[in-house]
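Hi,

Here is the model I promised to pass on.

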Amino acid sequence: MTEETKEEIEMRVLEDIQYILNYKPVAVGAKSAEFFSKMKIIKPIAVNSYPNIYSDLVQRFERNEASRRLKRLGLREAKFLYATNPNLFKKPQKFIEIFQEVAESHLSSKLVFKDRVKEDESKKLKSFTIEVHNCFFCSEVAVFEGIDIPYCIPNCGVYENMYNIKSLYSEGLEPRLIRIDAVRSAEYDGDTCEYHVVVLE
Amino acid sequence: MSQKEKLSRFKRMLGGIGKRVYNWRETKESMNFLSYMYESIIWEYADIFDGDYEKAMDTLIELIRPMTEEVTTKLLLEVKVMGVAFKSLLSPNLSDIPYIIQTSLYAVYGGWSKKMYKKPVVVPAEFSSENVPTVIVQFTSCPFCCNTVIPAEKFGKHRYGRLHVLTIEQITQAVEDYVGNDYHVVGREVKCFHNGDDIGEIRLWLYPRDQLDLMESNEYLKKIK
């Protein structure tokens, strides 16, 4: 996938923060995301629209562009989540807590953080791997054979933007910006997905 | 109203237990997250079609419909709870449709279905202005459109909650096909919070397959895609 530069990511995240701060829903009578915050839907119905969206985008665009658009689905979801949950947006959270909160509260997944790589001298974090158990997208879906784009790329976008938006808004978090790429998606029951997190400095 | 055999009290009771057990044991996800995903997909397809949201919705419906058909059919015809298949709780009598829809919605949304939906109503063909049996499903809040910022006018003849309608439409179609009623089910969201209405309302028209020409005189189908 063509990687976004640090400056491009920063610009996009700042635009997302503006969206969140100016957010005004149009269907006022429908109640709000806070009202529905405890509502759940069974997974087979929740994810039934995604397989055909994935396969359509993959057929419609070449690999890099399809990956970019699939990831963008998740980047936007993070933006919508913060826009409709102002308390979560403003809640002080530590680095790992941000990922865990979205994984457990919204995606019914469990995350394992591993393979941390630090700089030799400063001991600053350079990269790490997230292992996703019970992925929102992958765990009940037949694998698309012959397509080398990880199926759950949108999730990378969700985690990346959940962190980056909060980081740039609260201005105290270390690291300041990250990029997450999907390495592999689960292929059978009980398998896990893997995302690579790179610190952008 | 049809004189076909109605669901017995015992079967209704079984359905009442089955929907709860099924919903309890099934993996569940945040409803809000589904609504964010839906909004994000609409933005993506609007981008693909240069800001044409109506065309985006046309494409999305064609993409989503087959999977909705497959999943709802599987849910109704293959799922068993404690050895009892959901399909054994289906009935060809149209007066049972409200019960079947309510049970299915509970299986999908759990107790929230009672907070959101009013009891569906069946209007017999002789009292329906479209001259076919009509099911009216009203809801007092909507987790689909509550988060959107896209103005309703941009959707043209579409309504925001088409995915929502597709699910209920396909549940009803799968039931009618299974019980052998030769109906073609067509659903539309005739009232929507997103369009400024104070309640949501989905109407399902059950067109006998040998009278599909009646669809041409349905005013809602002319106005809403």
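How many salt bridges are there between chain A and chain B? There are six, where a salt bridge is a side-chain nitrogen of Lys or Arg within 4 Å of a carboxyl oxygen of Asp or Glu. One salt bridge joins the side chains of A:Arg69 and B:Asp47, at 2.9 Å from N to O.

Before you read on, this is a predicted model, in which local features need pLDDT of at least 70 and side-chain atom pairs pLDDT 80 or more, while totals for chains, interfaces and linings use all residues. Residues are numbered from 1 along each chain as its sequence is written, chains are lettered from A and ligands numbered from 1 in the order written, and side-chain values use heavy atoms, leaving out hydrogens and water.

Now the contact itself (heavy atoms within 4.5 Å): 52 residues come from chain A and 51 residues from chain B. The two chains bury about 4800 Å² between them, 66% of it on carbon and sulfur atoms; that is accessible area (1.4 Å probe) lost on being put together, summed over both. On the chain A side, A:Met39, A:Ile41 and A:Ile42 lose the most area to chain B, together 15% of what that side buries.

There is also some strand pairing (at least two DSSP bridges; strands are DSSP E runs of at least two residues, numbered from the N terminus). β1(A) and β1 of chain B (residues 28–30) run antiparallel, joined by three bridges. In that pairing, A:Ile42 sits opposite B:Lys28.

Cheers

Definitions and conventions:
Helices (H or I, at least four residues) and strands (E, at least two) are DSSP runs, numbered from the N terminus.
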